[in-house]
Amino acid sequence: MSDTLTKLTYQTFQQGKNYFSLAHKTLATQLRDVLYPTLQRKIKPIPTQLLLQLREKVNQLLEIDWQDAQQGVYPETLLFDNPWEEFFLYYPLMWLDLPQIWERIKQKKYQDFAPEIDTEGYPSYYVQNFHHQSNGYLSDLSANLYDLQVEILFGGTADPMRRRILAPLKQSLAAFNSVTAKQIRVLDVACGTGRTLRLIRSALPQVSLFGTDLSPAYLRKANQLLSEIPGELPQLVQANAEELPYLDNYFHAVTSVFLFHELPASVRQTVIDECYRVTKPGGAFIICDSIQRSDAPDMAEVMDNFSGTFHEPYYQHYTTDNLVERLEKAGFENIEIQVHFLSKYFIAHKPN
Ligand SMILES: C[S@@+](CC[C@H](N)C(=O)[O-])C[C@H]1O[C@@H](n2cnc3c(N)ncnc32)[C@H](O)[C@@H]1O
């Protein structure tokens with residue numbers, strides 16, 4: 001296929017995901033308004049000008065995604081990577097789960113777990129129905145639905161946003177060109193269902209990959225999904241990001257995607273300190289998370305709607321938290337910031 005045709009196919013593929021997400025959200029909202037009319041939310045209207053700006057930001061994101069593939073940061077095939085089987089298996093379950101979600105919202109239940117879910121031993125800030133998910137992060141159903149939910153939330157741009165860590169990751173690993181690719185160790189903290197590890201594996205087929213998360217169900221899912229792709233299986237360990245079970249200076253790079261907005265402020269600092277501890281001197285720590293207020297004052301409505309619609313108890317504070325200061329406090333330096341669509345990136349270096 002010619003480059004132009006492939007690019008057009010990629011843009012159409014993304015457009016299709018966007019329309020599908022819009023249709024899903026519209027239908028789900030209409031159904032909720034019929035079944036649970038009291039839940040009708042006062043969403044802040046998004047001005048047309050802002051909607052146009054958002055469309056432009058998506059286009060810019062997709063253009064960078066395409067360019068990075070062209071420049072060999074990752075294979076072009078990654079642009080079309082989509083869990084179709086998972087989609088057909090779990091999309092109907094997403095609909096079946098909705099009435100339970102609406103019931104919990106109606107009853108203002110935000111820490112609601114089925115009796116068979118073991119919530120012992122987890123930090124209290126974690127035992128929450130984040131995004132109103134049934135059983136929070138602690139059930140297999142939640143793990144099976146998560147990728148789909150995120151995909152719909154971001155209108156199909158979740159992976160293009162996650163992929164923006166790959167160029168800086170590869171760049172930072174160039175500092176270790178005296179060791180073989182297999183000797184390079186990369187850790188993804190709060191790896192969830194392993195989506196980011198999957199992308200890293202594609203961009204860096206030889207490196208040794210590690211993933212940690214607090215949720216056994218999400219790690220089981222990550223293990224299943226990562227077993228399906230070529231290359232060595234990443235080593236997955238259940239661990240609190242506040243206490244990583246690794247030696248000091250062990251990893252050439254550490255990444256973390258969409259974690260920090262789900263942590264209370266003091267825990268954010270503890271996790272950053274911990275990531276600093278396990279990163280090798282000369283290595284990098286790369287965070288991808290939501291944009292913050294200072295990045296886009298005109299996006300205030302979007303951020304307010306997000307924290308108003310979803311149960312995200314730490315998000316409001318996150319949007320004003322000075323993560324650069326936190327990273328510097330831990331010891332990182334030379335911190336580069338990037339913003340792509342709704343995500344912000346902190347590329348922090350541990351001094352040699
Ligand atoms: C929004 S999800 C992001 C998952 C994944 N990184 C992604 O890109 O989709 C947040 C993840 O952080 C995990 N998590 C939250 N707090 C944690 C902690 N203190 N230690 C380890 N994992 C944690 C959750 O279990 C969940 O998998």
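These are my notes on a predicted model, taken feature by feature.

**Nonpolar core**

Next I looked up the largest nonpolar core, which has 68 residues. L166, V186, I200, V254, C275, F285 and I286 have the most contacts inside it. In soluble globular proteins, nonpolar side chains tend to be buried together.

I took L166 from that group and asked which residues it is in contact with, beyond its neighbours within four places in sequence. I found D68, V73, Y74, L199, I200 and A203. One of these contacts, I200, is itself named with L166 among the residues with the most contacts in the core.

**A348**

I went to strand β7, residues 343-349, where A348 lies. Is A348 buried or exposed? I counted 28 other C-beta atoms within 10 Å, and the cut-off for buried is 20 or more, so A348 is buried. Leaving out residues up to four places away in sequence, A348 touches A284, F285, L327, F332 and I335.

**Strands β2 and β3**

I then followed strand β2 (residues 208-213) and strand β3 (residues 235-238), which pair in the parallel sense over 4 bridges. Within this pair I noted F210 opposite Q235 of β3.

**Positive phi**

Last, I looked at backbone phi. Most residues other than glycine have a negative phi. I recorded two residues on the positive side.

H132 is not a glycine, yet its phi is positive at about 60 degrees. I placed H132 in the loop between α3 (84-106) and α4 (140-153). H132 is buried, because 22 other C-beta atoms lie within 10 Å.

N334, also not a glycine, has a positive phi near 55 degrees. I placed N334 in strand β6, residues 333-340. Is N334 buried or exposed? I counted 10 other C-beta atoms within 10 Å, so N334 is exposed. My summary for the pair is that H132 is buried, whereas N334 is exposed.

Methods: Residues numbered from 1 in each chain as written. Predicted model: local features only at pLDDT ≥ 70, side-chain atom pairs only at ≥ 80, totals over all residues. Core = buried A, V, L, I, M, F, W, Y, C linked by C-beta atoms within 7 Å. Buried ≥ 20, exposed ≤ 12 C-beta atoms within 10 Å, placed from the backbone. Contact = placed C-beta atoms within 7 Å. Pairing = 2+ DSSP bridges.
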